[in-house]
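Hi,

Here is the structure I promised to pass on.

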Amino acid sequence: MRFVRWSSWRVRNHQLFRAPLLLVLLLTACAPSTSSAPSPGAAPGGQPAPGRNQAARQITVAIGAEVNNLAPKLEPGNTFASEFNFMTDSPLTVEDAQGKASPLLAAEMPSQDNGSWKVNPDGTMLTTWKIRPNAVWHDGQPILGSDFAFAFKVYMDPNVPVADRLPEQFMDRVEAVDDRTFNIYWKTAYPWANRLIIRELPPLPEHVVGPIYAQGDAQAFVGNAFWTSNQYVGSGPYRLVQWDPASQLIFQAFDQYFMGRPKTDRVVFRIIGDTNTVLANVLGGNVDVTVGITLSQEGGATARRQWADGHVSVTPVRFRYTQIQFNPDKQGTPALQDVRVRQALVTALDRDAIAEVATAGTSKTANVPIVPQDPLFPRVDQAISKYLYDPTRALQLLQDAGWARGPSGALQNAAGQTLPIDIWTTAGSDNESEQHLMAAGLSQIGVQASETLIAQSRIRDAEYRVSFPALNTTAQSIDVPAILRIWTSLQCPTAASRFGGSNRGCWSDPEFDRWFNIANTSLDPAQRDTGVINALKELTDQVGAFGLSYNSENIAVRNGLVGPGPRWPGQIGTTWNVYQWEWQ
């Protein structure tokens, strides 16, 4: 799948946003590297490497942020979490770049044909899973069926702050049959019950963390050093051997990995939060590969033009959208409760122009999280509400809601109050260009627009991330219908969940929830399609959030490194096949 440039035009003032980036690139590219980890071709201390064979034993990865912990289900939702999850843990199944699922930790995928997937007349189900016979934890102990039963108990414990209980919430119980077999009893239909991917019922080493959990203190269990240090025992191809906070994480190949020893000895993740610095390190030869959205849209375009030592693959995989704050405890603009105000804000934005700048010309406006190539797209596109750029219409909607421009040009209501809208986004050249254009568009109709930049150092602060008073722009991987869960009521962050959950603005709509459940549980494809269409219609009718663009991942790969590349949008993580990465 490849997106083309929809237009050759450039937004007025586009160059104003690009000029600072180019200046930084010129300065940083010429500066000496501050890398704390050697790259292939270099040895510690900056001395020449002894030879190609030694250099080939390490891959240096640039990543935009680190994680709070290594547990796939206990991380509160960091953008880059899955990149680390695939290093230390292996899901039951994995999806390749075309979306084809195959068994990974599982010996085989359950099937209705062989009787390992049974659907009962009342809609309940049973799936029987077999674990690969040679699968062991990092401490050499076998991975058991009871490890999955224990994990399910932990994930469904309301005192344990799990950010996302999908699909565990559809399970009734998990029981070990023998050492290498376990059953999942489903309390409702779930169409993807035979392809549990990353973050879906990952096992936990009961022999290690079981005694800690048995103490009955959920906070102490989650806060244990096991999850955040080289004490971590996982099921994946690499073991964490060193974690230097805010600097790097170093992983060593696990000799007993069930798919065979990884082809590269060591993988070093360098934490680089500034996108301009990422690009400078790519062009300067200090990193071998970037993962996820570490390399910005504009940076990817620059690397494609200038980088002679590698290539950049571009894959549209994410839906860029704006969350709206509905939680009255955090809302700084109560007027956002009025759907007419929300409709006006979207109508006041030239989203085609914003998308052109923010994506370096690779996307136009994306109203909903479904790509035009999806067979369902024409039906969705016909059903949803759309808000075309029309400042005059935006002012009319605001007037209907009781807002009019005063003598100074600022919007005011009958009480003389202004309309403040603070726009949040995470630091990064693409995001900041997008944020500036959004603020400018809202200011033109009299909104008191302001901008708040979330530093990369706070990207893991879940409580802070949900505290935005008005608007927050973010992105999620496109996987229909799973992506719809980010707007469900269950995803509203709470103190009990340690503020984990993708519905940061706490939009709650029972009708949307109902259609999502149909889209996500029906075994009838036609019913699932109807659920998707109606859920997205409800989202756009009520403006529970609004779309901005299709966001691509720019994966920069040094020449000679084989393995890194595109991923399937629904399976987050460029490192999904990391055990196969190698120098050739």
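Val268 counts as buried because its relative accessibility is 0% (buried is under 20% relative accessible area, exposed is over 50%, and partly exposed is in between, with a 1.4 Å probe and protein chains only). From Val268 to Glu95 it is 24 Å, C-alpha to C-alpha, and 173 residues in sequence.

Before the rest, some housekeeping. This is a predicted model, so local features need pLDDT of at least 70 and side-chain atom pairs count only at pLDDT 80 or more, while totals for chains, interfaces and linings use all residues. Residues are numbered from 1 along each chain as its sequence is written, and side-chain values use heavy atoms, with hydrogens and water left out.

Now the rings. The count is 22 aromatic pairs (rings of Phe, Tyr and Trp, the last by its six-membered ring, pair if their centres lie within 6.5 Å; planes under 30 degrees apart are stacked, over 60 edge-to-face, and the rest tilted). One of them is Phe150 with Tyr213, which is edge-to-face because the planes stand at 85°, with the centres 5.8 Å apart. Phe150 sits in helix α4 (residues 145–155) and Tyr213 in helix α5 (residues 206–213), so this pair ties together parts 63 residues apart in sequence. Phe150 counts as buried at 7% relative accessibility, and Tyr213 counts as buried at 15%.

Trp424 and Tyr464 make a tilted pair, 5.0 Å centre to centre with 35° between the planes. Trp424 is in strand β15 (residues 420–426) and Tyr464 in helix α14 (residues 462–465), so the pair ties together parts 40 residues apart in sequence. Tyr464 also has Arg458 over its face, 3.6 Å from the ring centre (the rule is NZ of Lys or CZ of Arg within 6 Å of the ring centre and within 35 degrees of the ring normal).

Last, confidence. The chain has a mean pLDDT of 89, and 90% of its residues reach 70 or more (pLDDT is the predictor's confidence in each residue, from 0 to 100). Over residues 1–55, though, the pLDDT is below 50. Where pLDDT is low, the predicted coordinates should not be read in detail.

Cheers

Key: Helix = DSSP H or I, 4+ residues; strand = E, 2+ residues; numbered from the N terminus. Contact = heavy atoms within 4.5 Å.
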